[in-house]
Amino acid sequence: ENQYNNELKKALTELDISKDIPQQKINEVRSILEKISVKAEMPVPDLYMLNENIFKAYVRGTKTNCALTLTKKLVETANKAELEVIITNELDHIIHEDVRIAAKRMLENVSITAGIPTPNLYIMEEERGLNAFAVGTNKKNCAVVLTRGLIETLDQSEVEAVIAHEVAHIIHKDTTIMMIVTLLIGFFTYVGYIMVRSLGGGRSSRRNSGKGGLILLLIGLAFLLYGYVVAPLIRFAVSRTREFQADAKSALLTRNPQALISALQKINKYVFKRLEEVMEN
């Protein structure tokens with residue numbers, strides 16, 4: 001596990017060879033580490049250097065208590081630009097893991113309050129958009145998905161409110177309901193398309209089919225009308241109703257409705273900004 005405890009600190013201290021590396025190089029590494037740590041709003045990690053003939057760096061611990069270990073070969077051969085990239089990437093691992101742990105803890109707390117098993121948590125690391133959703137068909141087989149952009153943009157209380165909103169969808173079985181609605185829409189649309197294609201292909205087919213065929217053709221057109229026009233409106237109405245209910249449940253679970261309001265405002269602001277960018281392009 002990615003831990004940094006007293007035993008590991010003692011072992012790294014005993015193996016540290018900083019004394020064998022030019023002080024100027026050590027100062028350069030420390031300066032880079034401090035600059036990146038300040039930018040990441042985290043304490044400066046402990047720095048160790050090991051006598052290994054490999055080009056490697058790795059971190060252990062959490063955002064508030066961690067250590068960066070560099071090999072002698074890396075310190076002696078990497079230039080300043082390379083060191084900045086390497087150290088930034090390593091600290092990013094710690095920051096991302098710290099965020100994931102915090103989000104998982106919030107999900108556990110919300111689930112306990114809601115009285116359901118804790119859903120699985122997935123983070124879309126490469127997605128910078130502000131989005132979150134719940135998947136699964138029941139409380140025992142479900143998950144909450146958050147994007148990296150959302151957990152980096154919102155503060156912790158806002159992320160917790162969004163998580164509670166998604167947990168509310170799971171409690172209300174909204175994922176199952178919307179799946180059924182979507183399947184029904186697809187069914188009516190597909191059946192209507194098949195009926196219209198088979199019975200409305202041309203004059204001869206309509207003439208030979210008689211009144212029965214005409215009735216089936218009208219039914220097919222009705223199915224298409226339902227699938228393309230009526231059903232989406234029903235789905236939209238159901239979706240909005242379930243969203244309002246999830247908002248209310250989120251406020252009850254977190255006891256902090258203002259956090260959800262703030263989160264929704266930031267998400268809406270992001271959506272409008274993206275729409276403006278798309279329209280400009």
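User: Where does Glu41 lie, and why is Glu41 called exposed?

Analyst: In this predicted model, Glu41 lies in the loop between α2 (23–39) and β1 (46–50). Its relative accessible area is 70%, and exposed means over 50%, so Glu41 counts as exposed.

User: What makes the phi of Glu41 worth a remark?

Analyst: Phi of Glu41 is near 55°, which is positive, and the residue is not a glycine. Most residues other than glycine have a negative phi. Arg255 is another case, with a positive phi of about 60° in a residue that is not a glycine.

User: Where is Arg255, and is Arg255 buried or exposed?

Analyst: You will find Arg255 in the loop between α8 and α9 (257–280). The cut-off for exposed is over 50%, and Arg255 has 70% relative accessibility, so Arg255 counts as exposed.

User: How do you know which residues Ser250 touches?

Analyst: A contact needs heavy atoms within 4.5 Å. Not counting residues up to four places away in sequence, Ser250 touches Ala161, Ala164, His165 and Leu260. With Ala161 there is also a polar pairing: a polar atom of the Ser250 side chain lies 2.8 Å from the backbone oxygen of Ala161.

User: What else can you show me in helix α8, and why is Val229 called partly exposed?

Analyst: Val229 is found in helix α8.

User: What makes the link between Ser18 and Asp16 a polar contact?

Analyst: The cut-off is a pair of N or O atoms within 3.5 Å, and the side chains of Ser18 and Asp16 are joined at 2.8 Å. Ser18 sits in the loop between α1 (6–15) and α2. At 13% relative accessibility, Ser18 counts as buried, because the value falls under 20%. Leaving out residues up to four places away in sequence, Ser18 touches Ile26 and Met49.

User: How do you know that strands β5 and β6 pair?

Analyst: Pairing needs at least two bridges. β5 (residues 132–138) and β6 (residues 141–147) have 6 bridges, in the antiparallel sense. One example is Ala132, whose bridge partner in β6 is Leu146. A hairpin through 2 residues joins β5 to β6.

User: What is Ile32 in contact with, and why is Ile32 called buried or exposed?

Analyst: Ile32 is in helix α2. Its relative accessibility is 2%, so Ile32 counts as buried. Apart from neighbours within four places in sequence, Ile32 is in contact with Lys80, Leu83, Glu84 and Ile87. Ile32 and Glu84 are 52 residues apart in sequence, while their C-alpha atoms are 6.3 Å apart in space.

User: What makes Glu84 and Lys35 a salt bridge?

Analyst: The rule asks for a side-chain nitrogen of Lys or Arg within 4 Å of a carboxyl oxygen of Asp or Glu. The side chains of Glu84 and Lys35 meet at 3.0 Å, N to O. This pair links distant parts of the chain, with Glu84 in helix α4 (residues 80–114) and Lys35 in helix α2, 49 residues apart. Glu84 counts as partly exposed at 25% relative accessibility, and Lys35 does too at 46%.

User: How many salt bridges does this rule give?

Analyst: The count comes to 7 salt bridges. Among them is Glu125 with Arg148, whose closest N and O atoms are 2.5 Å apart. That pair links the loop between β4 (120–124) and β5, where Glu125 lies, to helix α5 (residues 148–153), where Arg148 lies.

User: Why do Glu125 and Arg148 get their accessibility labels?

Analyst: Glu125 has 31% relative accessibility, so it counts as partly exposed. Arg148 has 0%, so Arg148 counts as buried.

Conventions
Residues numbered from 1 in each chain as written. Predicted model: local features only at pLDDT ≥ 70, side-chain atom pairs only at ≥ 80, totals over all residues. Heavy atoms only, no water. Polar contact = N/O pair within 3.5 Å; in protein donor to acceptor, adjacent residues only side chain to side chain. Helix = DSSP H or I, 4+ residues; strand = E, 2+ residues; numbered from the N terminus. Buried < 20%, exposed > 50% of the residue type's maximum accessible area, 1.4 Å probe, protein only.
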